[in-house]
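Work through these exercises with the structure in view. Try each task before reading its solution.

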Amino acid sequence: SSRTRISVMSITFELPAGIEEQLRRDLVNLDAVAKEAALVALYRQGRITHHQLAVSLDLSRIETEELLKRHNVVDDLATAAQVGDDISTLRSLLGR
């Protein structure tokens, strides 16, 4: 195959046994949930890019956007106030 081989790293952390047992009962795949949560947190902090998030989770750009929406990550979307400021700036630059 012509796919580029990517080296991977495993990360582990410890939980009290009772909490781990509860989470493993409640979640289909605790490891995948923890990985996704950690990567979304790193994205929120600006430590990884959108592309790195997508590659790490083997998602398309669209799937990554959907993931971020599910996690309420909308940091890169402009607020109404920011759009209003941009419109005001453009109007002043255009003399309107």
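**Exercise 1.** In this predicted model, find how helix α2 and helix α3 are oriented to each other.

Solution. Locate α2 at residues 30–44 and α3 at residues 50–57. Take the angle at which they pack: about 170°. Their axes lie 10 Å apart. Angles over 145 degrees count as roughly antiparallel. Therefore α2 and α3 are roughly antiparallel to each other.

**Exercise 2.** Which residues of α2 and α3 meet, and how do they divide by class?

Solution. Start on α2: K35, E36, L39, V40 and Y43 take part. Across from them, α3 supplies H50, L53, S56 and L57. Now sort this contact by class: 5 residues are nonpolar, 2 are polar and 2 are charged.

**Exercise 3.** Describe the setting of Q52 in helix α3.

Solution. Read the relative accessible area of Q52: 38%. That value makes Q52 partly exposed. Next, pair Q52 with L39, 13 residues away along the chain. Their C-alpha atoms are 9.1 Å apart.

**Exercise 4.** Compare the reach of helix α5 with the expected value.

Solution. Helix α5 covers residues 80–94, which is 15 residues. From first C-alpha to last, α5 reaches 21 Å. This is close to the 21 Å expected at 1.5 Å a residue. Just after α5, G95 takes a positive phi of about 75°.

Methods. Residues numbered from 1 in each chain as written. Predicted model: local features only at pLDDT ≥ 70, side-chain atom pairs only at ≥ 80, totals over all residues. Heavy atoms only, no water. Axes fitted to C-alpha atoms, helices over the stretch in contact; angles between N-to-C directions. Helix = DSSP H or I, 4+ residues; strand = E, 2+ residues; numbered from the N terminus. Parallel < 35°, antiparallel > 145°, perpendicular 65-115°, else oblique. Contact = heavy atoms within 4.5 Å. Nonpolar A, V, L, I, M, F, W, Y, C, P; charged D, E, K, R; others polar. Expected span 1.5 Å × (residues − 1). Buried < 20%, exposed > 50% of the residue type's maximum accessible area, 1.4 Å probe, protein only.
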